[in-house]
Amino acid sequence: MATLLDKVWDLHTVRRLPTGQTQLFIGLHLIHEVTTPQAFAMLRERGLVPAFPDRIFGTMDHIIPTSSLCRPAPDPVAEEMIATLEANCREHHIPLFGLGDSHQGIVHVIGPELGLTQPGMTIACGDSHTSTHGAFGALAFGIGTSQVRDVLASQCLAMDKPKLRRVRFEGAMGPGVTAKDLALAMIRQLGVNGGVGFAYEYAGDTVARMTMDERMTLCNLSIEGGARMGYVNPDDTTFAFLRGREHAPKGEAWDRAVNWWRRMASDSNAAADDERTIDVPRIGPVVTWGTNPGQSVMVDEPIPDTASLPPGEREAALEALQFMGFDAGETVKGRRVDVAFIGSCTNARLSDLRAAASLVRGQRVARHVRGLVVPGSREVQHAAEAEGLDEVFKAAGFEWREPGCSLCLGMNDDKLSGAETCASSSNRNFRGRQGSPTGRTLLMSPAMVAAAAIAGEVVDVRSVVPRGGVVQ
Amino acid sequence: MSASRILSVAGRALPLVGDDIDTDRIMPARHLRAITFDGLERHVFGDDRAHAARDGRVHPMDDPRFAGASLMVVNRNFGCGSSREHAPQGIVRWGIRGIVGESFSEIFFGNAVMLGLPAVTAAHEDVAALQAAIDRDPRTEVRLDLESMRATAGPLAFAVHLPAAARDALVTGRWDGLGLLLQDFDQIRDFAAKLPYLRDFA
C-alpha cells in the first residue's frame, strides 16, 4: 500500500545523505536558455561536465522573439542567450530543439509532446511550472540555477521528501468550465501557500475523465497553490496519449513500459497525509481580480468585501484592489481589456487554441484590443495551421505568433505598456509579471480570453454562443 | 568553491512587510536577461522601489535608516512563484546575509540555502514584534544564531526554525552540496543502469 509519490521517490533514491536528505536521481532534465547559462559556467569553473548528457534535453522558449525566427535575433541580449545555450549543448552533446527546429517550443509543452515525459520518472527543470509533467504520473518540479548545476554534474539532487495531499475533484464540469477554472478555484480554496511542503495528488471522478491536456493545465498550476509538484496517477488516458510519440517506447518495449507504468500508480487504499475535496459542479468560469492567483472569483460573482477576509489577508487584498483598479463588490465581468493573450505553458496546447478559435470564428477583436495567440510549440503551431485555426485568429484580428513564453512573463518584446489590462490564459497575475510594472493581469481560461477579446471587456463565456457550435 | 561555516549573522535588519511576496517582485523578469548574475543587486525589488518613490514613499531598501542592513525580516510565503535563483542572488549581492520570516516558498528556500543564505522561520508574533522593533529603532542590533537557533534584538529573544539538513549544511559549511552528491559517482552510474525506464524500455 504505497502512493505513487512513495514508489517513485523510493525508486530514485540513490542513498540517504549524511544530512538526512535523499540523494534523488533525476530521470529527465529539461533545460532552456534563461536559467542555465550560469549553471554551465559554474560547472566549467569546477572542471566538471554533464554526467548524463543523454538524459538532458534543451529548448528555447523564455526570451526568444515570437515575431520572427531570424538570426541573429534582433534583440542582442536574446541572441547572446540563444547562442550561449547552443554553444553549451553543442560542447556537451546535449540534444537541443533550437529556434526554427520542428520540435522547439515551451519546455513543458514539448516534453509531453515528444514522449520524453513518462510515468514513474523524476523530472527537473529550472522553471517552477515543471509541475506540469506530473500529469503523466511523474514527480516533476522546478529548481534554481545552482540545482541545475547539481543535476548537470551528477544527475542528482539533495531533496526532502514532501508530504502528500490528495485533492479529489468530484462531479461534472459545467458548461464553459475548464481545467483552468478548477485549478484557480482550488487555489482560492486551499490558498496560494496551502501546498507548501506537499506534493498534490489529483484524484476523483472529474480528473479520471480529464484529457491529458486538461491534466497538464491542472498540474501546471500546482505551484501557484504552493505545491512544488502535483501529479495524476497514470491510466489508459495517459498511455493513449504517449503511444507512438517520438521518444515513447516502441514494440515489445511499449508493453513492458505500460505494465510497469500501471504498477507505479498509487495503490487504491494508500493513504495520503491530507485529503481535500473540491465540489466541481459549483465551479463556474473563474477570473482573478488581484495580484496573486488565489485572488479570484467566478465571473458573475462580486469581488469580496475585504472586511469578509481573514485579518491576515485584508491588507494585501486592499493593496491588490488598488493596484488593479477594482473596488470590492464590483464584478470582474465588464472590465475593459486592452490586451488578450492566448498562450503559455498553462494553456497553449492544441485543445486550448481550438476552444478559443470556436469563439473567435467569424468575429472581430474589439477595436481597442490587441490580441495575441502564441502556440505552445512548433508542433501545436503546425497542427493548428493544418486545421486553419491560424486563419480564424488572423481573420478576427489576432496576431498569430511563433511558439514561446512571450507575454506570460514579458522577457522579450511582448509586454504590456503602462497600466494596460490583459485578459490572459497564463498562470501568474503578479505585479509587473507581464513586463510593465503597472500592468494588470486577469487570469482566465483561453475561451474566456477569446470572448473578452471579441467583446472588448470581460464577459461570461456561458453567455456567448459561438458560431458553429461549442468546442469543449 | 569552498564553502564557509555560517554559525550566526549579526547586524542591522530591514523589515519587509507583506505576505506572498513573489520572485517577480523581488527580481522582475527583465533583469533575467543576462548570462551571469552580476549586477543583480541593483535590481532587487526594482519596481516596488520605483513605485514607492513615485508615490512619495520610501521603500525599506532605499530608506537611509536601514542602509547597510545585513538581515531582512519578512512575513508569510516569501519568494513564492518563479524558481528564478536571480531573486536570492540579488538579495545576497545587495548585502543581506540572513532572512527571518514566517514562511518561505520551497524553491526560494532551497535556492537561498545553496547560496549560504539562512532563511529561518519564526512565529507570526515574533516576526511582527521584530519588524516593529527595527522600524522603531533601526540601529537595533539583530543576531541570528544558528547554533542555538535563536534570534535576539535588544530585549526581544525568540526561537527560530530551519530544517535539520539545511541547518547542518550551513553550520558545517557544506551548504554547497555538489561535492556530497558526487562523492561516489560509480554508485550513481550503477544506480541509473538499473532504472526500469533506462534499462528495460529506453
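**Close-up views of chain A**

**View 1. Strand S4(A) pairs with strand S5 (residues 96–97) of chain A in the parallel sense over two bridges.** Strands here are DSSP runs (E, at least two residues) and helices are DSSP runs (H or I, at least four residues), numbered from the N terminus; two strands pair if DSSP finds at least two bridges between them. Look for Thr59(A), which stands opposite Phe97(A) in S5(A). Right-handed means that, with the strands pointing away from the viewer, the path from the first strand over the helix to the second runs clockwise.

This is a predicted model: local features need pLDDT of at least 70, side-chain atom pairs count only at pLDDT 80 or more, and totals for chains, interfaces and linings use all residues. Residues are numbered from 1 along each chain as its sequence is written, while chains are lettered from A and ligands numbered from 1 in the order in which they are written.

**View 2. Strand S3 (residues 28–31) of chain A and S4(A) pair in the parallel sense over three bridges.** Here Ile31(A) stands opposite Gly58(A). Together with helix H2 (residues 37–45), S3(A) and S4(A) make a right-handed β-α-β unit.

**View 3. Strand S4 (residues 56–59) of chain A is covered on both faces.** In a regular strand, side chains alternate between the two faces of the sheet. On one side Ile56(A) and Gly58(A) are buried, and on the other Phe57(A) and Thr59(A) are buried too. A residue is buried if 20 or more other C-beta atoms, placed from the backbone, lie within 10 Å of its own C-beta.

Key. Buried ≥ 20, exposed ≤ 12 C-beta atoms within 10 Å, placed from the backbone.
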